[in-house]
Amino acid sequence: GEQNGVSAERIDPNAATNDVNNWGNSTSRSGNSAGIENAIFDLDTKAPEVIFANLQSDGSVLVAFSEFVDINSATFTIDGKQKNVIQFDINNANQLLIDGNGLQTGSSIELTVADLADVVGNTKASFSIPVAQPISKNTVVINEILYDPLSDSEDNLPDQTEYIELYNTLDYAISLEDIYLNDAPDENGDVNRLDAVSTSFKWIPANSYFLIYSEDETFDFEESQLAEYFGLPSSNANFSMQIDRSSLSLSASGDAIFLTDSSGTTIDSVFFDESWHNPNRVSTKGVALEKITPSGPSNESSNWSSSTEITGGTPGQENSI
């Protein structure tokens with residue numbers, strides 16, 4: 001993000017000029033490195049990674065990379081069949097389209113990329129990633145909700161933050177691009193929609209988890225309240241989405257969460273209440289509601305209860321109950 005009085009600096013002079021991943025904010029005390037080596041100078045010695053593969057509505061497959069790439073020597077194979085690149089723009093060289101003709105949807109699809117190089121010559125011999133398929137009703141479900149986080153500005157401990165965990169019930173990857181969270185429609189049919197900072201290149205692996213959380217102090221997952229409090233690894237950043245506000249505004253009593261796609265179709269919804277917690281708990285503050293059976297009904301109170309994890313929740317992991 002931009003900071004007032006702080007220069008944007010190039011990381012590696014030899015890497016692509018128009019690659020956003022090759023720029024960052026100066027870390028110099030003065031806010032710039034005018035006339036001297038950039039404060040964030042760092043030669044690129046890392047090979048590019050494939051971060052996203054998504055089946056498009058026209059049958060092509062969008063492939064996204066961690067940085068700008070050179071595809072002259074690269075080969076693309078899906079489920080053992082070599083595929084042709086049908087669109088690649090050197091000015092937007094962190095993504096391309098390949099031919100997806102003949103793909104069998106509804107089961108796992110695997111993309112393998114071999115001999116992929118970045119613009120300075122770092123090469124990845126081989127990399128495989130699941131091809132994400134379109135989301136549809138009940139394929140991805142709401143699996144865990146922390147609506148009343150612990151927060152004490154004087155205890156010198158990390159604070160919790162509200163989060164919602166999703167679970168992919170299927171045996172293949174699902175795209176989460178252009179999904180939204182919102183509450184129940186009011187009498188006029190209007191909803192309060194929670195927009196993510198970005199849904200670009202977001203996906204959820206087969207039978208796996210994805211986190212949606214609020215944060216107002218950082219865009220870096222590793223420095224977020226969620227990661228710091230629960231000790232989450234940096235790998236969770238790939239399977240998380242930050243909402244562009246300081247709170248998800250979840251209520252303890254009779255609140256609703258709708259997960260919808262770009263057309264407004266409801267993928268899953270939960271009308272939760274604090275009465276869904278374990279009645280034997282003295283306090284439920286800082287304790288997440290967890291689903292007992294992820295693929296079971298989302299609006300049955302008997303399929304939810306309090307997390308038994310000592311930290312109050314299991315974000316990004318199998319539920320404690």
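**Close-up views of a predicted single-chain model**

Buried residues account for 44% of the 321 residues in the chain. The model shown in every view is predicted.

**Figure 1. Overview of the chain, with 1 helix and 23 strands**. Of the contacts between residues at least 6 apart in sequence, 63% connect residues that are at least 24 apart. The chain has an accessible surface of about 16100 Å², and carbon and sulfur atoms contribute 43% of that surface.

**Figure 2. The second largest pocket, with a volume of about 260 Å³**. Residues from several parts of the sequence line this pocket, including Asn-54, Leu-55, Gln-56 and Ser-57. Pro-134 and Ile-135 also belong to the lining, as do Ser-175, Glu-177, Asp-178 and Ile-179. Asp-261 and Ser-262 are likewise lining residues. Sorted by class, the lining comprises 4 nonpolar, 5 polar and 3 charged residues.

**Figure 3. Strand β3 (residues 50–55) and its hairpin with β4**. Because 5 of the 6 residues of β3 are buried, this strand is largely enclosed by the rest of the structure. Strand β4 (residues 61–65) pairs with β3 in the antiparallel sense, over 5 bridges. Within this pairing, Asn-54 has Leu-62 of β4 as its bridge partner. Asn-54 is also one of the residues that line the second largest pocket. The hairpin places 5 residues between the two strands, and Gly-59 in the turn has a positive phi of about 95°.

**Figure 4. Strand β12 (residues 140–146) and two antiparallel partners, β13 and β22**. Strand β12 is mostly covered, with 7 of its 7 residues buried. Its pairing with strand β13 (residues 163–168) is antiparallel and extends over 6 bridges. Here Val-140 has Asn-168 of β13 as its bridge partner. Strand β22 (residues 289–291) also runs antiparallel to β12, to which 2 bridges join it. In that pairing, the bridge partner of Ile-145 is Leu-289 of β22.

**Figure 5. An open sheet of 4 strands in the order β16-β15-β20-β21**. The pairing in this sheet is antiparallel. Strands β16 and β21 (266–272) stand at the edges with a single partner strand each, so one side of each has no neighbour in the sheet. Strands β15 (residues 180–182) and β20 (residues 255–260) pair in the antiparallel sense over 3 bridges. Leu-181 is placed opposite Leu-259 in β20. In general, strands of a sheet pair through backbone hydrogen bonds.

Figure 6. Most residues other than glycine have a negative phi. The position of Phe-201 is in the loop between β16 (193–194) and β17 (203–204).

**Figure 7. The loop between α1 (225–230) and β19 (240–243), with Asn-236 and Pro-233**. Asn-236 has 14% relative accessibility and therefore counts as buried, the cut-off for that class being under 20%. Not counting residues up to four places away in sequence, Asn-236 touches Leu-211, Phe-221 and Gly-316. Pro-233, found in the loop between α1 and β19, is partly exposed, with a relative accessible area of 43%. The C-alpha atoms of Pro-233 and Glu-222 are 7.4 Å apart in space, and the two residues are 11 residues apart in sequence.

**Figure 8. Ile-310 in the segment after β23 (304–306)**. Ile-310 counts as exposed, at 80% relative accessibility, since that class covers values over 50%. Ile-310 and Ser-320 are 10 residues apart along the chain, and their C-alpha atoms are separated by 9.9 Å.

Technical notes. Residues numbered from 1 in each chain as written. Predicted model: local features only at pLDDT ≥ 70, side-chain atom pairs only at ≥ 80, totals over all residues. Heavy atoms only, no water. Buried < 20%, exposed > 50% of the residue type's maximum accessible area, 1.4 Å probe, protein only. Contact = heavy atoms within 4.5 Å. Areas by Shrake-Rupley, 256 points an atom, 1.4 Å probe, with all protein chains shown as cover. 1 Å grid on protein atoms, 1.4 Å probe; cavity = no way out; pocket = protein on both sides within 12 Å on 5 of 7 lines; lining within 4 Å. Points joined across faces, edges and corners; volume = space filled by probe spheres on them. Nonpolar A, V, L, I, M, F, W, Y, C, P; charged D, E, K, R; others polar. Pairing = 2+ DSSP bridges.
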